[in-house]
Amino acid sequence: MNNHIKELRRLAKLSQEELAKLCKVSRQTINAIENDKYDPTLQLAFNIASILETTVDRLFINK
């Protein structure tokens, strides 16, 4: 599933490591999500959206 996480994370001036710590996951998990290699759980998607001050439906692009 394509997403806008990298762009929104950069706008928020957060590194992958910083976002990962806030979400209580590894940096590798954030990297995999950003590169469409891993689909996050619904809870993680909501956590990322909250931290990036957006909504889940704006984070992800349904192919």
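A: Let's start with exposure: a residue is called buried under 20% relative accessible area, exposed over 50% and partly exposed in between, using a 1.4 Å probe and protein chains only. This is a predicted model, in which local features need pLDDT of at least 70 and side-chain atom pairs count only at pLDDT 80 or more, while totals for chains, interfaces and linings use all residues. Residues are numbered from 1 along each chain as its sequence is written, and side-chain values use heavy atoms, leaving out hydrogens and water.

Q: Why is K13 called exposed?
A: K13 has 72% relative accessibility, and the cut-off for exposed is over 50%, so K13 counts as exposed. K13 sits in the loop between α1 (5-11) and α2; helices here are DSSP runs of H or I with at least four residues, strands are runs of E with at least two, and both are numbered from the N terminus.

Q: What makes the phi of K13 worth a remark?
A: The phi of K13 is near 60°, a positive value in a residue other than glycine. Most residues other than glycine have a negative phi. E53, in the loop between α4 and α5, also has a positive phi, near 55°. D36, which follows α3, has a positive phi near 55° as well.

Q: Is E53 buried or exposed, and how do you know?
A: The relative accessible area of E53 is 75%, so E53 is exposed.

Q: Why is N3 called buried?
A: N3 has 11% relative accessibility, so N3 counts as buried. N3 lies in strand β1 (residues 2-3) and touches I33, E34, D36, L59, F60 and I61, leaving out residues up to four places away in sequence. Contact here means heavy atoms within 4.5 Å.

Q: Why are α2 and α3 called roughly perpendicular?
A: The axes of α2 (residues 16-23) and α3 (residues 27-34) come within 8 Å and cross at roughly 110°. Axes are lines fitted to C-alpha atoms, for helices over the stretch in contact, with angles from 0 to 180 degrees between N-to-C directions. Angles under 35 degrees count as roughly parallel, over 145 as roughly antiparallel, 65 to 115 as roughly perpendicular and the rest as oblique, so α2 and α3 are roughly perpendicular to each other. The contact is made by Q16, E17, L19 and A20 of α2 and R27, I30, N31 and E34 of α3.

Q: Which residues of α3 are buried, and what do they pack against?
A: In α3, I30, A32, I33 and E34 are buried. The buried residues of α3 pack against β1, α1, α2, α4 and β2 (60-61).
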